[in-house]
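Open the structure in your viewer and keep the selection tool at hand. Each stop below says what to select next and what is there.

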Amino acid sequence: MTAADDPSPMPHRQDPCRTSDVLGIVGDKWSLLVVRNLSQGPRRFTELKRATTGISQRMLTVTLRSLERDGILTRTVHNVMPPHVSYALTPMGTTLREATAPLLEWSLSNLDGIHAARDAYDSRPETTLPPS
């Protein structure tokens, strides 16, 4: 029997197309901001909402659930009165934070240049493409 005849599926770690799962996390508009906001330790939902400017309550809930499902963070329900929930990075979430910190720093360093480039692009006269 050759590898081509083997009916068992290929392990996930050997399939390079599976990296799109990770890129979905990294490319998500809110996930990296939530991960960054958890880098200093556990936070409650309201603290994350305040720290993540522009995110709606629903989108924060969806993002937190997705990150929990992916093993990036944990959700802990504290049995106190009134009850509250906190979120914290897992070890894998911490490595994601470390891996993406340079990207977030690059974003902050280049934001003014990106806005200037967009303004320059948007102020150009519209050109039409020649017929093909």
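Begin with the whole chain and its contacts (heavy atoms within 4.5 Å). Among contacts with a separation of 6 or more, 44% join residues 24 or more positions apart. This is a predicted model, where local features need pLDDT of at least 70, side-chain atom pairs count only at pLDDT 80 or more, and totals for chains, interfaces and linings use all residues. Residues are numbered from 1 along each chain as its sequence is written, and side-chain values use heavy atoms, with hydrogens and water left out.

Colour by pLDDT, the predictor's confidence in each residue, from 0 to 100. The chain has a mean of 86, and 86% of its residues reach 70 or more. Strand 1 has the highest mean pLDDT of the elements, 96. Helix 1 has the lowest, 77. Where pLDDT is low, the predicted coordinates should not be read in detail.

Now colour by accessibility. Of the 132 residues, 21% count as buried (under 20% relative accessible area, with a 1.4 Å probe and protein chains only).

Switch to the cartoon. There are 5 helices and 3 strands. These are DSSP runs numbered from the N terminus: helices are H or I with at least four residues, strands E with at least two.

**The largest pocket**

A pocket is an open set of points on a 1 Å grid over the protein atoms alone, where a 1.4 Å probe fits, with protein on both sides within 12 Å along at least five of seven lines; lining residues have an atom within 4 Å of a point. Volume is the space filled by probe spheres set on the points, which are joined across faces, edges and corners. The largest pocket has about 390 Å³.

Select Leu 33, Leu 104, Ser 107, Leu 108 and Leu 111. Of the 15 lining residues, these are the closest to the centre. Helix 2 (31–37) and helix 5 (91–123) each give two or more residues to the lining. Helix 5 has the largest share, 9 residues. By class, the lining holds 9 nonpolar (Ala, Val, Leu, Ile, Met, Phe, Trp, Tyr, Cys and Pro), 4 charged (Asp, Glu, Lys and Arg) and 2 polar residues (the others, Gly among them).

**The second largest pocket**

This one has a volume of about 200 Å³. Select its lining: Arg 18, Asp 21, Val 22, Ile 25, Val 26, Asp 70, Ile 72, Met 92 and Leu 96. Which elements give two or more residues? They are helix 1 (19–26) and helix 5. Helix 1 gives the largest share, 4 residues. The lining has 6 nonpolar and 3 charged residues, and no polar ones.

Note on methods
Buried < 20%, exposed > 50% of the residue type's maximum accessible area, 1.4 Å probe, protein only.
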